[in-house]
Structures are given as C-alpha cells and as structure tokens.
Amino acid sequence: MVPVTAPTALRVALLGCGVVGTQVVRLLTEQSADLAARVGAPLELVGVAVRDASAPRDPAVDRALLTEDAEGLVRRADIVIEVMGGIEPARSLLLSAVAAGASVVTANKALLAEDGPTLYRAADEAGVDVYYEAAVAGAIPIVRPVRESLAGDRVRRVLGILNGTTNYVLDQMTTNGLGLDDAVRQAQALGYAEADPTADVEGFDAAAKAAILASLAFHTRVRIDDVSREGISSVTADDVAWAAQTGHVIKLLAICEVTDEGVSARVHPALVPSGHPLATVRGAFNAVFVEADAAGELMFYGRGAGGAPTASAVLGDVVSVARHRVLGGKGPAESHYAQLPIASPQEAVTRYQIRLEVDDRPGVLAQVAQLFAERGVSIEAVRQAPRPAAGDGPAGVAHLVITTHDGTETALAATVAAIEGLDAVQTVTSVLRVEGA
Ligand SMILES: NC(=O)c1ccc[n+]([C@@H]2O[C@H](COP(=O)([O-])OP(=O)(O)OC[C@H]3O[C@@H](n4cnc5c(N)ncnc54)[C@H](O)[C@@H]3O)[C@@H](O)[C@H]2O)c1
Ligand SMILES: N[C@@H](CCO)C(=O)O
Ligand code: NA
C-alpha cells in the first residue's frame, strides 16, 4: 500500500501590513481551508514584516507573526507577498526572495514600472514566478487577461481609468461640488489613496500602471518615465461645470497605443462624452478598454483600489504561484521581444476643447478660426456662452468654447499659443483633451 502523507505546507511571508496587507492576512486566515483545497497544500503564514512590531494592529493579525527582520523572513518562505510599496527596500527584498528560490506576488506598481525587468530576469533565472495582478487596477483581472488570455491576439490600444483616488475626486467634484483637497482627504480615509496622495493626484500612479499594461500588451518595455503624464491638480470647479454644460465629464485617462512611431503611453485629464461607458465609471471604480485585432473591444470594470479588493487580486496570484509549486510548472516569463521605440508625445493624436474669453465684436471669431486653419487643425464645433449677467463679469467679453477634430499635440499646442497672442483674446481659460468620442 502507498503511504498517504499530508502535503507539505507552503510557507508564506508577508512584507508590509497596511491597508492591503491587513486584508491579505484576514483572507489567508479566514479562507485557509478553501485555499488549501484549491492549491493542493496548506498555506502557512510564517511571518509578517512590519516597521514597528509594537504598533497597534487590526485584531485579524496574529502579533506572534510580526517581525521587523524582513530580510530574515524572506529567506524562510516559499512564497513572498510584498505589499509595503516604494522602491527600496521592496526591490532588494524581492530579489533576495527569488535568489532564495521563493515565488513572489507584489502589488507594487511603482517598483515594477521603475525597474520590473531586473526582478523578472532574476525570477526567470531562479525558475520562480513573479505575479502582480494587484499592481494594475486592483481587483480587476487585467494583468492576467492581457498577459495570458490575449497572448494569441494583437492588442492595438488600451484606454482606461486606472486610478481610483482621482476618479473618486473628480466624481465628488462633479456630483457634490467638493473641492480637490476635501475629496482627496475622503479618498485617503477610505483607503484608496497612496501613502503620499501626490502619486495619485499628479498621475504617477496611473502612469506606472500604464507602463505595466503597455509593456504587457505590446510585448515591449515601457518605463514610467516613458509615459507622458499630467495629473488633475489643475482641473478646476469651473472646468467640471463647463464639461457638464457641453455634455462631457472629466476623467483622468491612461491611453496606451501602438502607432507608426512606436508605443505611445500617456496619462492626462480628458473630457469624455457623457454617453461613453467610461463616463459612467463612478467613485473609486476603474475601467479598462482593450482593443485587439481579433477579439475586438473588451471592457474590464470593477474596484481598482481599497484593502479588500486589492487583497482579492493578491490572493488569486498566491493561489496561482502556489499551484505551480505543488504541481510543477511556472507562469509566463516577461515578453519583450517586440522592442518597440517610444513614440514622441508630441506626435500623439487627440482632440482639444479650448475655452477662451475674447472681445465681443465682429471678426474676432474669424481671426481665431484662421489660426486653426493655418495649422491644419479642423474645428468640430464652436459654442458661444451667454454674456455674463451684469456684475458677473465684464461686459463686451464673449466666452467661446471651441472643440477640434483630431490633430497632433504639436499642431494643437501651436494653435493655442497663436490664439493666446491675438489682441482680441483676453484669456485662454482652459485647454482640455477630448477622448472616447
Ligand atoms: N491601497 C490600495 O488601494 C492599493 C491598491 C493596489 C495596489 N496597492 C499597492 O499595495 C502596496 C501597499 O499599499 P497600502 O495601501 O497597503 O499601503 P500602506 O501604506 O497602507 O501599507 C504599507 C505598509 O508597509 C509598511 N512598510 C513600509 N516599508 C516597510 C519596511 N521597510 N518594512 C516593513 N514594513 C514596511 C508600512 O509601515 C505600512 O504599514 C503599495 O505598493 C500600493 O501601491 C495599494
Ligand atoms: N491609490 C491607488 C490604489 C490602487 O493602485 C488608486 O487610487 O487607484
Ligand atoms: Na488587477
């Protein structure tokens, strides 16, 4: 008779126990029996690396597991989960983990967008997995669909709302008239924001996610510095109100595409027509559109931030890498064979909506229109806002809202600069891109 032996438990180490880490501990504990059944072996949490073991913790976290020796912990684990964030010491710890033969799961988009290939290479040499579903759009399965399900197709474009905090902030500005700072504070209290919300507000977080998605989608390497980036700090209550008047909402979009020039990846606020599916993405939700040659258009939607949703993605990865350790095999290695150049952001094609205040007299609109024509930029629509009520603004001033057809950033920016130089133009109040029309 063949002796029946219990499968050996897989030792799991957790690095960081904040918003996401606490929920990872909770799910690992509450679902241990189901996870063991799915993996084919129990998952044993052997330690939780924290900065201060004496600090107060959620009761879900067994204090006996806390350690301030992260380096020692990663050397006694089969699977290392990194949810501490930041570049160092996260990078060194993950490299130590793979060198010691552990598989790793990380939510750290900042690290992957800065220096992912170093980790991917080290893991490949060691024959272990690096999984990172939580790093892009939190709970939404998007890394795996792009990396695996679409591996037989040709992805052309990825368009998404990839940052929950800024979507929450813009939504609060739109629906409740909240100011930027108050809305950011609420997002922090709800666990959506990064430790330093500048990463969210200024678009670094979305740019990191765009770099990761573009690399996966186009089988190439795109770093965060390759992504042209503009955050939401300059979006005003006035912009939000005008967007509504012209049938749009303002969203922080990430756009990744392949052009004749190479890969273009950019993050910026944009006007999205109210009828577009992305316009209906509310609160801290995220959504990602993927356009592929054979598949056509795909849309992924769900919670892109928050402790429990992000922990769901982490646990899904833990089960995958754990199964590989039980059954053998390994997930896909980094695919960067296409080696595409990074396209100049100036060549990106977009549409602008320009709001300006001009002298209200005959011929001014013709002068403005002439500047567009001279630069080959076609105008789609011109609206003149009502004259301000008495006491509400100077008389003799007309408010124009001009929407263009597609043009390159270079042509559009040159047109705006020329308009600013016209005597009859008092102010260019705002310039926003229009996407998704
Ligand atoms: N919060 C979210 O919604 C969310 C969503 C997706 C991905 N992420 C990513 O998950 C990671 C964690 O995010 P979070 O929101 O839980 O952050 P957090 O700030 O709440 O938690 C991070 C924890 O790690 C600890 N830590 C940092 N450096 C450490 C070190 N050297 N040793 C031990 N502990 C250390 C911190 O003290 C903190 O408790 C980040 O990479 C973040 O980008 C977060
Ligand atoms: N701070 C990020 C968390 C998810 O990466 C967001 O707001 O989307
Ligand atoms: Na995800």
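Strand β7 (residues 155–161) and strand β9 pair in the antiparallel sense over four bridges, where two strands pair if DSSP finds at least two bridges between them. Helices (H or I, at least four residues) and strands (E, at least two) are DSSP runs, numbered from the N terminus. You're looking at a predicted model: local features need pLDDT of at least 70, side-chain atom pairs count only at pLDDT 80 or more, and totals for chains, interfaces and linings use all residues. Residues are numbered from 1 along each chain as its sequence is written, while chains are lettered from A and ligands numbered from 1 in the order in which they are written.

**Around strand β9**

- β9 and β10 make a hairpin, with two residues between them.
- Strand β9 (residues 248–259) is mostly covered, as ten of its twelve residues are buried.
- For that label, a residue is buried if 20 or more other C-beta atoms lie within 10 Å of its own, exposed if 12 or fewer, and partly exposed in between, with C-beta atoms placed from the backbone.

**Domains**

- The chain's domain assignment gives domain 1 (10–139 + 308–327), domain 2 (143–304) and domain 3 (348–434); such bounds come from an automatic or database domain assignment.
- Domain 1 and domain 2 have C-alpha centres that lie 26 Å apart.
- Their contact takes 16 residues from domain 1 and 20 residues from domain 2, and two residues are in contact if their C-beta atoms, placed from the backbone, lie within 7 Å.
- On the side of domain 1 that touches domain 2, helix α5 (residues 109–126) gives the most, with six residues.
- Sorted by class, that side of domain 1 has eleven nonpolar, two polar and three charged residues.
- As for the classes, Ala, Val, Leu, Ile, Met, Phe, Trp, Tyr, Cys and Pro count as nonpolar, Asp, Glu, Lys and Arg as charged, and the others, Gly among them, as polar.

**The six-stranded sheet**

- Six strands form an open sheet with parallel pairing, in the order β3-β2-β1-β4-β5-β6.
- At the edges are β3 (66–67) and β6 (130–131), each of which pairs on one side only.
- Strand β1 (residues 10–15) runs parallel to strand β4 (residues 79–82), and four bridges join them.
- Val12 stands opposite Ile79 in β4.
- Helix α4 (residues 90–99) packs on the sheet, touching β1, β4 and β5 (103–106), and its direction makes about 170° with that of β4.
- Helix α12 (residues 307–327) packs on the sheet too, touching β1, β2 (43–49), β4, β5 and β6, with its direction at about 170° to that of β5.
- About those angles: axes are lines fitted to C-alpha atoms, for helices over the stretch in contact, and angles run from 0 to 180 degrees between N-to-C directions.

**Strand β13 and its partners**

- Eight bridges tie β13 to strand β17 (residues 425–434) in an antiparallel run, and Tyr352 has Arg433 as its bridge partner in β17.
- Strand β15 (residues 397–404) is joined to β13 by seven bridges, also antiparallel, with Gln353 partnered by Thr403 in β15.
- Two bridges link β13 (residues 349–359) to strand β16 (residues 407–408), again antiparallel, and Thr350 pairs with Gly407 in β16.

**Around ligand 2**

- Ligand 2 is surrounded by Gly138, Asn163, Gly164, Thr165, Tyr192, Ala193, Glu194, Asp200, Asp205, Gly304 and Ala305.
- A residue counts as near a molecule if its C-beta atom, placed from the backbone, lies within 6 Å of it.
- This shell divides into three nonpolar, five polar and three charged residues.

- The peptide bond from Glu88 to Pro89 is cis, with omega near 5°, and Pro89 lies in the loop between β4 and α4.
- Ala137 isn't a glycine, yet it has a positive phi of about 60°.
- Ala137 lies in the loop between β6 and α6 (143–149), and it counts as buried because it has 32 C-beta neighbours inside 10 Å.
- His219, another residue other than glycine, has a positive phi near 55°.
- You'll find His219 in the loop between α10 (204–218) and β8 (228–229), and it counts as partly exposed because it has 17 C-beta neighbours inside 10 Å.
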